[in-house]
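Work through the exercises below with the sequence and the structure side by side. Try each task before reading its solution.

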Amino acid sequence: MAEEHGREGEHMTGTSIIAVAFDGGVVLGADSRTTTGSLIANRVTNKIQPVADNIFCCRSGSSADTETIADYVTYILKIHCSETGDAPTVHTASTLFRQLCYQNKQLLANIICAGWDEIDGGSVYTVPLGGTLVKAPYAIGGSGSTYIFGYCDAHYKPGMTREETLDFVTKALTFMMARDGSSGGLIRTVVVDKDGVHRSMIPGDKLFRVWVG
C-alpha cells in the first residue's frame, strides 16, 4: 500500500543548497522541502545546521545520514573547544566531515561546510559522496544544483559584498526551486562573519516568479 501511494524509500533531502564566501564572511542558503519517495514529507525542513558557533553545514542526501554525521561533528568540536580553549576553524570541521564520510561510504551524504574563523576568515568546503574534501569560493549541491551551473559560472564574481552575495544566493536558490521537483518551500539563509550569525527566511510566495516552459 505504501508503494502504491509513493511512500517507498527513506526521508531524502532532495534539495538545493549553496554556500558562497565573500570579503569578510560566508552566506549559506537552502530550500526547505523534504521528500519521501514521491511525496513531500516536510515543507519547512531546516537544512542549514550549526556545528559550532561560527560554523554551519548544508545537508543533502539521506536526512538520517546527514543529521547523524552533523551531530557527530558537533559533539567532537565541543570536545575540541573544551580541550583547546579556542573556537574551531572551518578547516577542522570540514576535515571531520571528510573523515566520517570517507570511512562510511555507504552513507548517502553530501555536505557543504562553511563559516568564519580568525585564521582564514570566511571559507567554504564541500564534501561530496565518497568523502573528498574540496575548498572553493562557492559550492552548490543537491538535486537542484544541476540546473544552475551555467548561472553560477556567469554571475559569480570574486570579491562580492555581503549584499551582492545574498542576492546571488537568493536568485540561485529561486532558480533551483523553480526547476527541481524535489526542491521547494521557502528559502533560509545564514550569514556568518566576524560580527556573528545573521539568519533570514524568505517565504515561497515572496520569491520572484520564474518562467518554466
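**Exercise 1. Is Cys58 buried or exposed, and which cysteine sulfur is nearest to that of Cys58?**

Start with the surface. Cys58 has 0% relative accessibility, so Cys58 counts as buried (under 20% relative accessible area is buried, over 50% exposed, in between partly exposed; 1.4 Å probe, protein chains only). The model is predicted: local features need pLDDT of at least 70, side-chain atom pairs count only at pLDDT 80 or more, and totals for chains, interfaces and linings use all residues. Residues are numbered from 1 along each chain as its sequence is written, and side-chain values use heavy atoms, without hydrogens and water.

Next, the sulfurs. The structure holds zero disulfides (a disulfide is a pair of cysteine sulfur atoms within 2.5 Å). For Cys58, the nearest cysteine sulfur is that of Cys57, 7.1 Å away.

**Exercise 2. Find the cysteine sulfur nearest to that of Cys113**.

Cys57 again supplies the nearest sulfur, at 6.7 Å. Cys113 is in no disulfide. Its relative accessible area is 0%, so Cys113 is buried.

**Exercise 3. What is the strand order of the open five-stranded sheet?**

Step one: read the order, β6-β7-β8-β9-β10, with antiparallel pairing. Strands are DSSP runs (E, at least two residues), numbered from the N terminus; two strands pair if DSSP finds at least two bridges between them.

Step two: find the edges. β6 (48–52) and β10 (134–136) each have a single partner strand, so one side of each lacks a neighbour in the sheet.

Step three: check one pair. β9 (residues 121–127) and β10 are joined by three bridges. Tyr125 has Lys135 in β10 as its bridge partner.

Technical notes
Helix = DSSP H or I, 4+ residues; strand = E, 2+ residues; numbered from the N terminus.
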